[in-house]
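Good morning, and thank you for the time.

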Amino acid sequence: ATEAAAVLTRVAFDLCGVQRVELHIDPANVASLGVPRKLGFAYEATLRERLPPVPPGGPKRDVSIFSLLAREYPQSPAAAVPYEV
């Protein structure tokens with residue numbers, strides 16, 4: 001998951017020229033919460049009851065948001081992950 005997120009982040013900045021990449025993660029998925037931190041993303045917020053319920057009919061789920069800005073990207077661990085075009 002970390003490698004896939006890193007490559008998608010690189011493509012977003014290197015090829016698409018975006019100014020910001022966000023990762024939205026269910027805070028109950030503890031393993032996934034480590035991915036943005038490993039790649040240099042900053043934690044921004046947890047939005048309550050933002051994701052659809054699983055299973056349907058259950059309570060809505062929270063979402064944690066992490067971001068990486070274009071000016072931060074060159075020094076981030078994500079920028080160092082190799083990929084081929």
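Of the contacts in the chain with a separation of 6 or more, 60% are made by residues 24 or more positions apart; contact here means heavy atoms within 4.5 Å. Please keep in mind that this is a predicted model, in which local features need pLDDT of at least 70 and side-chain atom pairs count only at pLDDT 80 or more, while totals for chains, interfaces and linings use all residues. Residues are numbered from 1 along each chain as its sequence is written, and side-chain values use heavy atoms, with hydrogens and water left out.

The chain contains two helices and three strands, arranged along the sequence as α-β-α-β-β. These elements are DSSP runs numbered from the N terminus: helices are H or I with at least four residues, strands E with at least two. Along the principal axes, the C-alpha atoms fill a box of roughly 40 × 20 × 20 Å. Of the 85 residues, 31% count as buried, that is, under 20% relative accessible area with a 1.4 Å probe and protein chains only.

Let us turn to the sheet. The three strands form an open, antiparallel sheet in the order β1-β3-β2, where two strands pair if DSSP finds at least two bridges between them. Its edge strands are β1 and β2 (42-51), each of which pairs on one side only. From one strand to the next, the twist averages 25°. Helix α1 packs on this sheet, touching β1 and β3, and its direction makes about 150° with that of β1. For such angles, axes are lines fitted to C-alpha atoms, for helices over the stretch in contact, and the range is 0 to 180 degrees between N-to-C directions.

Next, the strand β1, residues 20-25. Six bridges join β1 to the antiparallel strand β3, residues 61-69. Within this pairing, H24 stands opposite I65 and I25 stands opposite S64. The covered face of β1 carries V21, L23 and I25, whereas R20, E22 and H24 lie on the uncovered face.

Finally, which residues does T9 touch, not counting those up to four places away in sequence? T9 is found in helix α1, residues 2-14, and its contacts are V21, F41, L68, Y73 and A78. T9 is counted as buried because its relative accessible area is 2%. V21, one of the residues that T9 touches, belongs to the covered face of β1.

Methods
Buried means under 20% relative accessible area, exposed over 50%, partly exposed in between (1.4 Å probe, protein chains only).
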